[in-house]
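Trainee: I am new to this structure and would like to go through it in questions and answers. Could we begin once it is on display?

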Amino acid sequence: MDTDPISDLAAALAGGGVRIVDLTQPLSEGTPVLQLPPPFANTPGLTRELISEYDDKGPAWAWYTLTVGEHVGTHFDAPIHWITGRDGEDVASVPPERLIGPAAVIDKSAESAADPDYLLTLADIKAFEAEHGALPAGGWLLLRTGWDARAHDQDEFLNGGRTPGPDVEAARYLAEEAQIVGVGVETVGTDAGAAHSFDPPFPVHNFLLGAGKYGLTQLANLAQLPPTGALIVVAPLKLVRGTGSPSRVFALT
Ligand code: MN
């Protein structure tokens, strides 16, 4: 009899009983990037410069220099990204135990299709918890909006700044009361497009990162996850002084 959980997991992966879902968007020069209005500075997207490519500078190898903002594509927000979390963890300081955990998936794709300004409310979260149990301790709330289907196109993805996300009350609950370690979304940021006008502005960033929790953005394939029961693996670069990092994110279902 085999009672080793790692062997059991390996067997389940090999046998198809556990499936891996890639929650990561492809990262390329075409990846949509957040656009802030003036006077704010914007992040560059991904560009790459040739070092050598099987040529005189490197006859048998190809490699490139990347230029990429920390907050581009599917990426992780560390507490120090926001002023409320400035004394908190950088990306390299995040304990790995907090990067692997259970996920709850709230599906607001129908609502977001009907209204791109859709705001997730505390009542929505309470209704989910009444049906599925409390948001998971040490885990993640993932907000499904169907926005991943737009990620091939910058304009469609940014939608003129009209994108769904949590409202102020929901953000406060997720930061201060829910036992989760982070919030993940399919949109360009964890806050709604209209969140610049909220009080406080950008409440998910303000409350969540201020509470030492984390954000995940530009996720894909949340439609393939159950409301509860998936385990997610978040793998940002171990970037010293990093405020964020492009990340590979997997779910085991
Ligand atoms: Mn970010």
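Trainee: Is Asp117 buried, partly exposed or exposed?

Mentor: This is a predicted model, and the accessibility is computed from it. The relative accessibility of Asp117 is 30%. Buried would need under 20% and exposed over 50%, so Asp117 counts as partly exposed.

Trainee: Which residue forms a salt bridge with Asp117?

Mentor: Asp117 lies in the loop between helix 2 (109-114) and strand 6 (119-120). Its partner is in the loop between helix 4 (154-158) and strand 8 (165-166), so the pair ties together parts that are 45 residues apart in sequence. The closest N and O atoms are 2.6 Å apart, and the partner is Arg162.

Trainee: How many residues apart in sequence are the parts tied together by Arg248 and Asp22?

Mentor: Arg248 and Asp22 form a salt bridge, with 2.6 Å between the closest N and O atoms. Arg248 is in strand 12 and Asp22 in strand 1, so the parts they tie together are separated in sequence by 226 residues.

Trainee: Where does Glu29, the partner of Arg48, lie?

Mentor: The salt bridge between Arg48 and Glu29 has its closest N and O atoms 2.7 Å apart. Arg48 belongs to strand 2, while Glu29 lies in the loop between strand 1 and strand 2.

Trainee: Are helix 5 and helix 6 roughly parallel or roughly antiparallel?

Mentor: The axes of helix 5 (residues 168-176) and helix 6 (residues 203-210) come within 8 Å and cross at roughly 15°. Angles under 35 degrees count as roughly parallel. That makes the arrangement of helix 5 and helix 6 roughly parallel.

Trainee: How many charged residues are in the contact of helix 5 with helix 6?

Mentor: Among the contact residues are Val168, Arg172 and Glu176 of helix 5, and Phe207 of helix 6. By class, the contact has eight nonpolar residues and no polar ones, and the charged residues number two.

Trainee: What is omega for the peptide bond from Pro38 to Pro39?

Mentor: Most peptide bonds are trans. Pro39 is in the loop between strand 1 (20-22) and strand 2 (47-55). The bond from Pro38 to Pro39 is cis, with omega near 10°.

Note on methods
Residues are numbered from 1 along each chain as its sequence is written. This is a predicted model: local features need pLDDT of at least 70, side-chain atom pairs count only at pLDDT 80 or more; totals for chains, interfaces and linings use all residues. Side-chain values use heavy atoms; hydrogens and water are left out. Axes are lines fitted to C-alpha atoms, for helices over the stretch in contact, and angles run from 0 to 180 degrees between N-to-C directions. Helices (H or I, at least four residues) and strands (E, at least two) are DSSP runs, numbered from the N terminus. Angles under 35 degrees count as roughly parallel, over 145 as roughly antiparallel, 65 to 115 as roughly perpendicular and the rest as oblique. Contact means heavy atoms within 4.5 Å. Ala, Val, Leu, Ile, Met, Phe, Trp, Tyr, Cys and Pro count as nonpolar, Asp, Glu, Lys and Arg as charged, and the others, Gly among them, as polar. A salt bridge is a side-chain nitrogen of Lys or Arg within 4 Å of a carboxyl oxygen of Asp or Glu. Buried means under 20% relative accessible area, exposed over 50%, partly exposed in between (1.4 Å probe, protein chains only).
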